[in-house]
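Please open the model in your viewer and keep the selection tool at hand. The stops below are meant to be taken in order.

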Amino acid sequence: MTLEEFQNEIMEGIPSELPTKAEYNLNLNHAPKRKEILSVDEKKLALKNALRYFPIELHNVLASEFAEEMKQFGRIYMLRYKPKHKIFARNIEEYPGKSLQAKAIMLMIQNNLDHAIAQHPDELITYGGNGAVFQNWAQYRLCMQYLSEMTEEQTLTIYSGHPMGLYPSHKDAPRVIVTNGMVIPNYSKPNDWEKFNALGVSQYGQMTAGSYMYIGPQGIVHGTTITLLNGGRKIAKNGEGLAGKLFVTAGLGGMSGAQPKAANIAGCVSVTAEVNPKATSTRHSQGWVDEVITDLDELCTRVQKAKENKEIVSIAYQGNIVDVWEKFDSENVFIDLGSDQTSLHNPWAGGYYPVGLSFDDANDMMVNKPDLFKEKVQETLRRHTAAINNHTAKGTYFFDYGNAFLLEASRAGADIMAEDGINFRYASYVQDIMGPMCFDYGFGPFRWVCASAKAEDLEVTDKIACKVLEEIMKVSPKEIQQQMADNILWIKGAQENKLVVGSQARILYADAEGRVKIAAAFNKAIKDGEIGPVVLGRDHHDVSGTDSPYRETSNIYDGSSFTADMAIQNVIGDSFRGATWVSIHNGGGVGWGEVINGGFGMLLDGSDDADRRLHSMLFWDVNNGISRRSWARNDEAVFAIKRAMESEPLLKVTLPNYADDELINSIY
Ligand SMILES: NC(=O)c1ccc[n+]([C@@H]2O[C@H](COP(=O)([O-])OP(=O)(O)OC[C@H]3O[C@@H](n4cnc5c(N)ncnc54)[C@H](O)[C@@H]3O)[C@@H](O)[C@H]2O)c1
């Protein structure tokens, strides 16, 4: 397809004629069939909802076709409307339109749906099993058309994938406002999602899926590397590193697929179990995991050898994680660090596979015998926990990796509670590692994408970012020296580690000062013609954007971890301080109803406007969360917000007074 044909297809939106139907592509990784949840009346409603996008003349053909999709997949994806053009992050100049900001958003949307990136491309799912960019292909087409038409005096609103329309606004307003899965709180149970999604009125945007900020597994490699390095520091007896130590985990999917690579960068032996052969072979062929083993005895022998020789090697075990924990227990293979990244935020619809069943049988049971499937999942969780408990009794350090493992294990009645019956036996990685060491100081997953799609631009930005961090580190307080050193090491090794899948993107943990200074340096480089435009963003797994009591805000101990004021304040604050687009979601990461998370994207085009916006927005985007963490009496955040106030006279944050425990205890 020529560039012109691509542009025409974008500008056409939903075609008035019926497009030809492509054959169902069996080579793609498809979403599992969703469970039957709608009554007959509700199915009728879903059909009427779907047909809203199309001229009445086509309804006859489409009604039966969509009903068939509903029957076959449990959802109406409108597969006939999947465009003919190849979807990937192109050079920003190739997108049709009147606004460079809108073109940046098109680029990021296309990256999320790239076949090399998306977990279930036909179903518009980027990662995490449910993380949707849109609910159906009509929404994709309409959204891209609006973006190609809009000016910088308009804002597009997206309701859970549905482009409601373009509205007059102004040049400093976001070009797009995204909301995903926002429901009335009492209607936020997993089955509510199934129903609203099947009706076509709501979607699970996860975090970076429905906010167009996913950059492939690289996004998480860095965070996982930091977690493993700091986890390693926690278990080190004499300051030794991770050489010869074993990390055991599960999941080679969208995000979890980053674990073996991170383990290699952190320098240990790792075993990652994965039940889905397609996921294993994708990660293996991409070089994200070194070896694949399908036999448990062979796995034990290989791991023991790797440990003895202090090899840096990542091994995928093709099979169920529970078998690995149990086998290593019976064979006395010592695990130093253990975790899990199966999609337990989505336990009943393909996020977590029961032990003792083949992958295909499990998929079949999920759809045809959902109650039995649920029983099997919970039984597996109890076995999984028991095996982990045996290992931790021998000295393994286990942490929850933000996938709702502890929560679901407790719901399954596993032996996972601490003696007090209130807390879990194990800490989450945020409680022990990321919270106090990173988020409370403002360090989080800052990222950028070179919109020229040129690898050379990415190389220049890597060098600029490294230089900026090295300058900052010279005068950084001792409290954050380790973080600065880890991040500098990461950016220095980034080119060599070949992390790019899809857009020319980079992730780099940085605090408020680092993010602002790196962004300002990029904007100057664009102005000077050294590089093309750059899109800034971040993961939602960050300091300020996300309220999630079992993950991002699990180290908030003042009782406010079940509130979501911070995430809402954040998205509103970002929107009027210069974000190019903002998003707010129910349900990413740990499950529908369990978290509110928000994100932003910002285009740097070398202009003075971009410079003004980046200073205003990035400063807020980090310090909002530090303020809240400081108010929750987190010492590290109190330290960080006081520093921020010294650097910015217009910032004045309410600081907590610490009550004396003796006084409190004398009263109760
Ligand atoms: N804390 C973090 O930084 C962080 C980062 C990324 C992801 N997560 C969480 O981790 C989870 C995984 O995310 P993802 O994007 O990789 O999801 P995903 O669904 O793409 O991948 C999960 C993988 O686990 C596999 N799996 C399920 N049950 C298994 C079992 N019993 N044994 C072996 N393999 C099994 C699945 O086949 C799937 O490939 C999510 O809950 C996500 O929210 C947390």
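Buried, in what follows, means under 20% relative accessible area, with exposed over 50% and partly exposed in between (1.4 Å probe, protein chains only); helices (H or I, at least four residues) and strands (E, at least two) are DSSP runs, numbered from the N terminus. This is a predicted model, in which local features need pLDDT of at least 70 and side-chain atom pairs count only at pLDDT 80 or more, whereas totals for chains, interfaces and linings use all residues. Residues are numbered from 1 along each chain as its sequence is written, and side-chain values use heavy atoms, with hydrogens and water left out.

Select strand E9, residues 313–318: 6 of its 6 residues are buried, so the strand is largely enclosed by the rest of the structure. Show the side chains, and Val313, Ile315 and Tyr317 point one way from E9, while Ser314, Ala316 and Gln318 point the other way.

Strand E7 (residues 269–274) runs parallel to E9 and is joined to it by 6 bridges, with Ala273 standing opposite Tyr317. Strand E8 (residues 291–293) also runs parallel to E9, joined by 3 bridges, and here Glu291 stands opposite Ile315.

Now move to Arg628 in helix H20 (residues 608–631), which counts as buried at 14% relative accessibility. Its side chain makes a polar contact (a pair of N or O atoms within 3.5 Å; within protein, one must be able to donate a hydrogen and the other to accept it, and residues adjacent in sequence count only if both atoms are side-chain atoms) with the side chain of Asp547, at 2.6 Å. The side chain of Arg628 also reaches the backbone oxygen of Ser560 at 2.7 Å.

Select Ser560 itself, in the loop between strand E15 (546–547) and helix H19 (565–577); this residue is buried, with a relative accessible area of 16%. Which distance separates the C-alpha atoms of Ser560 and Pro185? The two atoms are 17 Å apart, for residues that lie 375 residues apart along the chain.

Definitions and conventions: Pairing = 2+ DSSP bridges.
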